[in-house]
Amino acid sequence: MITAQNEIGSDFDAHSTADDVLTDLDLTGKLAVVTGGYSGLGLETTRALTKAGARVVVPARRPAVAQEALSDVEGVEVDELDLADLDSVRSFAGRFLASDRPIDFMIDNAGIMACPETRVGPGWEAQFATNHLGHFALVNRLWPAIASEGARVVSVSSRGHHFSGIRWDDLHWQHGYDKWQAYGQAKTANVLFAVHLDRLGREQGVRAFALHPGGILTPLLRHIPKEEVVANGWYDEDGNPIPQDGFKTPEEGAATQVWAATSPQLAGLGGIYLEDCRIADPAPAYDEATDITDRVGVNKWAIDPEQAAHLWTISSELTGVDAFA
Ligand SMILES: NC(=O)c1ccc[n+]([C@@H]2O[C@H](COP(=O)([O-])OP(=O)(O)OC[C@H]3O[C@@H](n4cnc5c(N)ncnc54)[C@H](OP(=O)(O)O)[C@@H]3O)[C@@H](O)[C@H]2O)c1
């Protein structure tokens, strides 16, 4: 069985901003946790949610940088979290749970992209460990705060999930590393995580979504060598961004994750992949030559329930956490 990716219509589109999405919503009394909520899309997500009245907890790898970036935003709390370090995940979750507050919107936004081969923890590949396993452990540890009717978990994936499905026989790229395929695997894992979490959390009233935010020039490019950035036409030789058709502003880029977390249009739904503030179509069949930038919709390897369940089992074994065991 494949999760239904059925268009339901949307009041918003690729050029809606996070503020647009929240225009008619009052989030007073709601609490969000936004990983990486102090840079790029996360920063705009935090800004929009607080502007609509929500309180936002921003667990940050670099708390001082986060404090500085959020100094003009009211209603924010910064705490410390390194997703690549499971002890740090456990500590943050423990501090948060001790505050005895429910989480209405859990937005798994933080991520790294196409870094040189890097090992963390017990030799795990850094993109899979940070983007997927860290968020897996975080959500499972925070589950007592998330598990209530109406809460949503949002997993920020990417069109990059088309680069690779899950490499079941070599999850940590021990047999040859490709930085873009490793990003692809991690982003496929983000979608599969939402698919299975939705299945598990539904009985407790929690729904989960995954999404592609669009293409947006942010510090996410930090690991890409300058010559590759220039060759791709993202920045010129002097470091100036080159305007491109189809690229979004950070305010537009934050819209789909904010829509996923809050939209009444998504009530009763979950386990689906979104893009441009709408439910994405299943991707058409591509041949190998199709450029990644032409790929739209969600690849079937990212929404397959059996693979989602299998990844959940492996992730719980690797991290030692499973709120549903
Ligand atoms: N921008 C795009 O075009 C695009 C496209 C598709 C998908 N996405 C996805 O959107 C999400 C946000 O990306 P962005 O463009 O906003 O990038 P960004 O500006 O680089 O923000 C990423 C955030 O993740 C944090 N982070 C990185 N490693 C971490 C760790 N080990 N522990 C905790 N936090 C960590 C970063 O903190 P530090 O700054 O302290 O490292 C930063 O706050 C990512 O998941 C990305 O894959 C982006």
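T256 is buried, with a relative accessible area of 0%. The model discussed here is a predicted one. T256 lies in helix α9, which spans residues 255-262. Leaving aside residues up to four places away in sequence, the contacts of T256 are with L211, H212, K248, L274, E275, D276 and C277. One of these neighbours, D276, is also reached through its backbone nitrogen, which lies 3.5 Å from the side chain of T256. The buried residues of α9 are A255, T256, Q257, V258, W259, A260, A261 and T262.

Helix α9 packs against helix α2, which is formed by residues 40-51. The axes of α2 and α9 come within 9 Å and cross at roughly 45°. The angle makes α2 oblique to α9, and the crossing is right-handed. On the α2 side the contact involves L41, T45 and L49, and on the α9 side Q257, V258 and T262. By class, the contact of α2 with α9 comprises three nonpolar and three polar residues, with no charged residues. The residues contributed by α2 include L41, T45 and L49, a spacing that can be read against helix geometry. Residues three or four places apart in an α-helix point the same way, because there are 3.6 residues a turn.

Helix α2 also contains G40. With a relative accessible area of 17%, G40 falls under the 20% limit and is therefore classed as buried. Residues up to four places away in sequence being excluded, G40 touches T218, P219 and P250.

The residues of the contact of α5 with α6 divide into 10 nonpolar, seven polar and two charged.

Helix α5 is also in contact with helix α4, formed by residues 86-98. The axes of α4 and α5 come within 9 Å and cross at roughly 20°. Helix α4 is thus roughly parallel to α5, since angles under 35 degrees are assigned to that class. The crossing of α4 and α5 is right-handed. In α4, the contact residues are L86, V89, R90, F92, A93, F96 and L97. Their partners in α5 are G134, A137, L138, R141, L142, P144 and A145. In this contact, 11 residues are nonpolar, one is polar and two are charged.

Key. Residues numbered from 1 in each chain as written. Predicted model: local features only at pLDDT ≥ 70, side-chain atom pairs only at ≥ 80, totals over all residues. Heavy atoms only, no water. Helix = DSSP H or I, 4+ residues; strand = E, 2+ residues; numbered from the N terminus. Buried < 20%, exposed > 50% of the residue type's maximum accessible area, 1.4 Å probe, protein only. Polar contact = N/O pair within 3.5 Å; in protein donor to acceptor, adjacent residues only side chain to side chain. Contact = heavy atoms within 4.5 Å. Axes fitted to C-alpha atoms, helices over the stretch in contact; angles between N-to-C directions. Parallel < 35°, antiparallel > 145°, perpendicular 65-115°, else oblique. Left-handed = near helix turned anticlockwise from the far one by under 90°. Nonpolar A, V, L, I, M, F, W, Y, C, P; charged D, E, K, R; others polar.
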